Amino acid sequence: MSPSLWLLPALPAAAGALLIPVRRAVPALSVATAALTLGLAGHAAATRPSATARLILGEGLAVDGLSAVMVVTVAAVGLAVLVFAAAEQRSGRFHGLMLIFLGAMLATVTATDLVLLLMGWEVMGAMSYALIGCRWRDRERVRSGAVAFVTTRAGDLGLYVACGATLAAGGGLALTGLPGLPPPWRDVVAGGIVLAALGKSAQGPFAFWLSRAMAGPSPVSAFLHAATMVVAGAYLLLRLHALLAATGWAAAVAAWTGAVTALLLGLVALAQRDLKQLLAASTCAQVGFMVLAAGAPAVSGGTAHLVAHAAVKSLLFLAAGAWLAALGTKDLAGLHGAARRFPLVGVAFGVGAAALAGLPPLSLWVTKDAVLGGVAQPGPRVVAFAAGLVAALYAGKALAAVWRPADAATGTGSERRATGRMAWPELLPLPVLALVAAGFGIVGLPAVHGWWSRLVGDPGAPGLTAGELALSGVPALALVTAAIAVRPGTAALPHAGAVFGGWLGLERAARAVVWRPLLRAARWAARFDERVVHGAVEAVARAGLRAARLAGSPLESGLDGLVQRTGGAVRRLGGLARRPQTGQVHTYFAQAAVALVVLAVVFAIVR
């Protein structure tokens with residue numbers, strides 16, 4: 001057991017709390033903390049420690065193969081994002097919240113029980129709200145943060161249900177014991193965990209909150225989408241794939257939800273005209289492959305896809321943020337010529353977009369096929385394959401937009417004041433992330449695949465064949481070419497563009513089906529409280545006042561007189577009883593003699 005493991009989540013969380021009120025040297029302190037955290041993560045991944053503490057029921061942290069991959073990924077992306085943010089975000093509040101966010105995610109991925117998992121889970125949700133709306137003077141940003149927070153909280157209730165059902169079943173809260181719970185409690189636990197995971201990872205009907213999250217600064221978007229909250233749900237399902245399989249139905253729900261989300265949100269991404277919105281929808285779609293992997297199960301492919309996607313998506317969001325700062329726009333038409341004006345960012349973005357499209361030999365080409373290769377059910381596999389082809393279209397659309405020559409549509413300053421330049425901290429992480437985005441597909445090679453599968457706890461994962469890779473790589477290359485060839489302004493989805501461009505109307509549907517009925521129910525409850533509950537309380541008070549008035553009436557006077565007369569009689573009797581008490585012995589003797597005579601007379605009469 002290694003108590004030092006507690007330092008892994010505690011260091012960034014404590015440093016973040018201390019940084020919030022600080023005003024000087026904040027970026028340097030933040031980056032230094034993230035670098036130390038990455039060092040701790042690397043040490044934990046190499047030594048695989050575990051630690052326990054009795055906070056409530058005996059909680060613990062542990063690093064196994066799967067969590068070793070996650071702690072390094074989370075810490076590395078966190079460092080890259082904070083280095084990027086050092087150029088623009090200098091407030092202690094921003095960097096402090098980001099570090100607390102990092103610590104919460106590290107606690108989540110190393111937790112061995114539901115108590116610590118829930119703690120990290122909740123802190124992540126709170127930090128996401130604070131970071132999305134960190135520019136709190138902008139009411140729309142704050143409102144977007146509130147929508148994201150309330151939506152994910154709705155799913156988080158499932159985790160509370162899972163904890164309650166686990167305790168009701170008489171089992172411990174350890175994650176390893178959940179598959180062995182007796183039915184029906186096991187099904188309740190699985191349902192709660194699936195609900196919480198889908199809400200956190202913006203899958204299915206919860207997807208719209210990720211669109212709202214784009215109101216936050218670009219570093220927040222990069223961290224949120226790449227390695228923390230959005231992938232936390234997918235990681236949890238991959239961690240608990242045995243629980244999903246034990247119920248049967250939960251695995252099918254996860255597989256179908258992931259596949260359908262990957263396809264529909266891919267079409268949403270294709271319909272977007274805003275670069276950050278396109279990347280947000282593509283995050284939902286790519287996380288759908290991870291959720292599908294948990295239900296299949298294809299843990300080896302799903303974990304590889306998670307890591308590769310973290311590098312790709314952080315790279316793309318940071319590049320989009322660099323352009324937003326320099327050019328003041330994230331509109332795809334306004335970004336024409338952006339890659340040519342800033343070639344380093346353009347090349348890095350091109351690598352990320354090509355990987356997102358699934359082009360050979362880049363990382364997501366391999367990891368996506370590793371997921372599909374582990375899916376035995378034909379239905380989800382076909383849907384996910386189609387989603388992979390759509391990914392080539394929306395990635396090609398983004399790639400074409402930034403590499404086209406500047407034209408009449410090119411514009412700057414539509415979102416914010418353009419600076420026209422980029423600072424070196426914004427550029428520093430991009431080549432490193434591009435290298436990982438390009439090369440992480442190495443885990444699919446036969447020489448590496450076996451080691452990787454054993455590392456993440458999926459030793460029986462099937463390897464990839466050349467035919468499977470070609471089946472997805474060749475169409476992806478053709479579709480990217482077609483997307484680049486499409487004239488600017490041509491509608492990709494002429495008949496359904498409004499539906500998909502509006503994120504399938506999911507937020508409007510949530511407001512109509514859930515939010516407004518809840519508000520009506522709240523108003524009815526308030527009226528019931530005011531008229532019935534409050535009325536009953538007032539009626540009791542009025543009855544008490546009437547009883548008090550009745551007690552002060554002539555009845556009280558009569559009772560008081562009776563009590564006083566009784567007291568007077570007792571007082572007089574006491575006075576009479578005191579008279580024989582003279583203190584003289586002969587008096588007492590005479591009294592005794594009289595009493596004896598009286599008793600003799602009584603005795604004689606009675607006989």
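Q: Arg153 forms a salt bridge with Glu122, with 2.3 Å between the closest N and O atoms. What is a salt bridge?

A: Side chains of opposite charge can pair when their charged atoms come close. The rule used here asks for a side-chain nitrogen of Lys or Arg within 4 Å of a carboxyl oxygen of Asp or Glu. The structure is a predicted model, in which local features need pLDDT of at least 70 and side-chain atom pairs count only at pLDDT 80 or more, while totals for chains, interfaces and linings use all residues. Residues are numbered from 1 along each chain as its sequence is written, and side-chain values use heavy atoms, leaving out hydrogens and water.

Q: How many salt bridges does a search of the whole structure find?

A: The search finds 12 salt bridges.

Q: Is Asp156 buried or exposed?

A: Buried means under 20% relative accessible area, exposed means over 50%, and partly exposed is in between, with a 1.4 Å probe and protein chains only. Asp156 counts as buried because its relative accessibility is 1%. Lys200 is buried too, at 0%. Arg153, from the opening example, is partly exposed because its value is 24%.

Q: How is the salt bridge of Arg212 and Glu507 to be read?

A: The N to O distance is 2.9 Å. Arg212 belongs to helix 8 (residues 208-212) and Glu507 to helix 24, and the two are 295 residues apart in the chain. Both Arg212 and Glu507 are buried. They also belong to a network of salt bridges that links Glu140, Arg143, Arg212, Glu507 and Arg511.

Q: Which residues gather in a patch of positive charge on the surface?

A: Lys and Arg count as positive and Asp and Glu as negative, while His and the chain ends are not counted. A charge is placed at NZ of Lys, CZ of Arg, CG of Asp or CD of Glu. A patch takes residues with over 30% relative accessible area and no salt bridge; like charges are joined within 9 Å, and nonpolar side chains (Val, Leu, Ile, Met, Phe, Trp, Tyr) within 5 Å. Here the positive patch holds Arg516, Arg520, Arg523, Arg527 and Arg531. Arg523 lies in helix 24 (residues 506-551), and it counts as partly exposed because its relative accessibility is 47%.

Q: Which residues make the nonpolar surface patch?

A: Val150, Val513, Val514, Trp515, Leu518 and Leu519 make a patch of about 530 Å². Accessible areas come from the Shrake-Rupley method with a 1.4 Å probe, and for residues only the protein chains shown count as cover. Helix 24 gives the largest share of the nonpolar patch, five residues. Val150 is found in helix 6 and is partly exposed, at 42%.

Q: What is the phi of Ala25, and what is the phi of Trp503?

A: Most residues other than glycine have a negative phi, and most peptide bonds are trans. Ala25 has a positive phi, near 55°. It lies in the loop between helix 1 (7-19) and helix 2 (26-47) and is exposed, at 51%. Trp503 also has a positive phi near 55°. Its loop runs between helix 23 (497-501) and helix 24, and Trp503 is buried, at 5%.

Q: Where are cis peptide bonds found?

A: One joins Pro183 and Pro184, with omega about 5°. Pro184 sits in the loop between helix 6 (139-168) and helix 7 (185-200). Another runs from Pro360 to Pro361, with omega near 0°. Pro361 is in the loop between helix 16 (343-357) and helix 17 (363-373).

Q: How many disulfides does the count come to?

A: A disulfide is a covalent bond between the sulfur atoms of two cysteines. The cut-off is a pair of cysteine sulfur atoms within 2.5 Å, and the count comes to zero. Cys134 is buried, at 12%, and Cys284 is buried, at 0%.

Definitions and conventions:
Helices (H or I, at least four residues) and strands (E, at least two) are DSSP runs, numbered from the N terminus.
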